[in-house]
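The sequence and structure come first.

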Amino acid sequence: MIKFINVFIEAFPFFMNGLVFTAELALSSISIGFVIGVLVAISRTYGNKLSYSISTIFVESIRGTPLLVQLFIFYFAFPQIGIHLSPLVASIISFSINSGAYQAEYIRGSIQSIDKGQMMAALSIGMTKWKSILNVILPQSLIKVLPSWTNEFAYLVKYTSVAYLVGVPELMAQGEFVASRNFEFMDVFLGVALIYLVIVMILTWGMSRIEKMVRMPGV
Amino acid sequence: MKVLEVRNLKKRYDSNEIIKGISFEMEKGETVVVIGPSGTGKSTMLMCINRLIEPDEGKIFLNGEEITGSKHPEIFRQRIGMVFQEFNLFNHLTVLDNVRIGPIKVKKLPKDIATKVAIENLKKVGLESRMNAYPAQLSGGQKQRVGIARALAMEPQLILFDEPTSALDPELVGEVLEVIKKLAREGMTMLIVTHELGFARDVADRIIFMENGEIIEQGGPEILANPLKERTKQFLAKFREGR
Amino acid sequence: MDLLSILQVLLKGTLITAELAVISFAMAFVIAIPFSLGQVYGNIPIKIITTSYERIIRGVPLLVVMFIIFFGFPSIGIRFDPFTASVLSLGICSSAYQSQIFRGSLLSVPNGQIMAGQSLGMKGTQIFIHITLPQAIRFSIAPLTNEFTIVLKDTSFAYALGVTELLREGTYIISTTYEPLLIYLLCAAIYFIITFSTNSIVRRVEKRFAIHGFEFRGERA
């Protein structure tokens, strides 16, 4: 235990360096993914045949393949068609797209769970379809989607660790760096695990507070 | 011997006393209807009798045997049928399986005999033709008739009805009440909580009026027309206005 | 390398991928059942232990678990080959999610169902076996299928430990053909075919055992 604490303290500066990248990866990917998710969800629910088909193919092909393969395509394969991405950019793009597909599914489910009467009521006071979606349907769905969205966020935070495999110096990579010097693989990676655990727990706790704050009374 | 004897039954949640010392008895073959305003502990009282809710004080006897204090409430529940407001049919089982699961698993009857018993009781409620359907395929009235058949299949000494028609559309209430009336004529011992006053007058041998966890008044069906207590009068008057 | 021999090599990797997925999913299932029962029916210490297990494992990335087991365990004298280490890590991580799925399914059986069982005089174990369990199993089929496809996709992490699964075989081919786009897209296609067919097979099975009006489609847990 004492040894673990010593190793942890020694590695801590490295962990913090890595944490900056982990946070950057997670925050930018969840945000970009959110924008993708909302757009895809709306086009799958309310779009015409063409946009429905395109967004469905997008969601199904992303959800049907591993994140790691997607990352490798962006980082290792894109140079073949003349697009060179840095490890960080390739990671953010692939994480955003991946998370966007999952978020789209959650948001779509949430939109569909909103009572049909809400849409009718919005139309009945003269709103257009798109105004109704924007002002009535979407706000309710986004509140309802929060628990699964939190889950997705936690998944994403953990999945940022694969950015290590293309050379982003995030938390996992820092752990590997430290451990390959002091050979304390067990203690170092237990330390890494602990940091992820704390982040995920803080995230879950914080989101449940937010959920309570924005909950619709009586629903 | 009395089929059911309730002595000084009390139940509280936190500091809130829901049932404040209720006592009454039921004879074999008697149909007793409990009426009263919503939220006055009628359902709680009913569930205390088969200990789906554990009473805090008081004693309950079924045919002279004490239910309260027994370590095995399931032994008494086998002999007391219950019909729920929300039906509570087993969603994963067909109508037939819903009715015979008790005889098979609890009474350990052989499957063919249990099936016979189940079909007999489904005939009684007029649903033998739907025995292969699943609960979600039935109307509310049909669900409740299956609920009654399920209770009957255990050949209970007493059946408890917890607002059996409250969750039903008005046009479906009649078919369920008909079945209960038939059981009353056949001499089944029944304790019924309901808001259907017309039905109460037709079927009850005795009516108990409950308010705020207490029995205010009890007597024959004539108390509906000529209540003695002021609170009963008020309740009945409000009910007539409401109709 | 012509396309046929490429496909042959990828197929070899696919078999390892499938092995990883099936073995670790099965292992996770065996762990998850007692843990979920402990979470729902256990006494307070058991509830605390099983719930902490679920929460902790769900908070740690699979890749970190893999590194602890593969690189960390040798320092306490336990050595695993890459394949075993991957199966153990995938299994442990998935067991937490599966336990969460079973717990949710057990708890989503309505209380009225249990009361109805009691009213017939059934004992606790009888109610569990005949009422709660059959309904909970149906509730968990869809989320479990989902979890299986997640495990299948996560087997690609075994690449990092050098297991010659699909992605690793693909990478080997790329080092001789220099065709990363084609090869990785082929890998993606193979993963997609497996997850897609798993989903559609289960959906068909589900339909056959479906109870009219009794539906439950969960999401990625």
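Contact here means heavy atoms within 4.5 Å. By that rule, the interface takes 39 residues from chain C and 38 residues from chain A. The model is predicted: local features need pLDDT of at least 70, side-chain atom pairs count only at pLDDT 80 or more, and totals for chains, interfaces and linings use all residues. Residues are numbered from 1 along each chain as its sequence is written, and side-chain values use heavy atoms, without hydrogens and water.

**Interface of chain C and chain A**

Buried area is the accessible area (1.4 Å probe) that two parts lose on being put together, summed over both. A salt bridge is a side-chain nitrogen of Lys or Arg within 4 Å of a carboxyl oxygen of Asp or Glu.

| Item, chain C and chain A | Value |
|---|---|
| Buried area | about 3500 Å² |
| Carbon and sulfur atoms' part of buried area | 71% |
| Salt bridges | zero |

Helices and strands are DSSP runs (helices H or I, at least four residues; strands E, at least two), numbered from the N terminus. Helix 2 (44-58), helix 3 (62-72), helix 6 (124-154) and helix 8 (180-208) of chain C each supply at least two residues of the side that touches chain A. Helix 8 of chain C gives the largest share, nine residues.

**Sheet of chain B**

Strands pair if DSSP finds at least two bridges between them. Chain B has an open sheet of four strands in the order 2-1-4-5, with antiparallel pairing. Strand 2 (16-26) and strand 5 (65-66) of chain B are at the edges with a single partner strand each, so one side of each has no neighbour in the sheet. Strand 4 (residues 57-62) of chain B pairs with strand 5 of chain B over two bridges. Phe61(B) stands opposite Glu66(B) in strand 5 of chain B.

Technical notes. Chains are lettered from A and ligands numbered from 1 in the order in which they are written.
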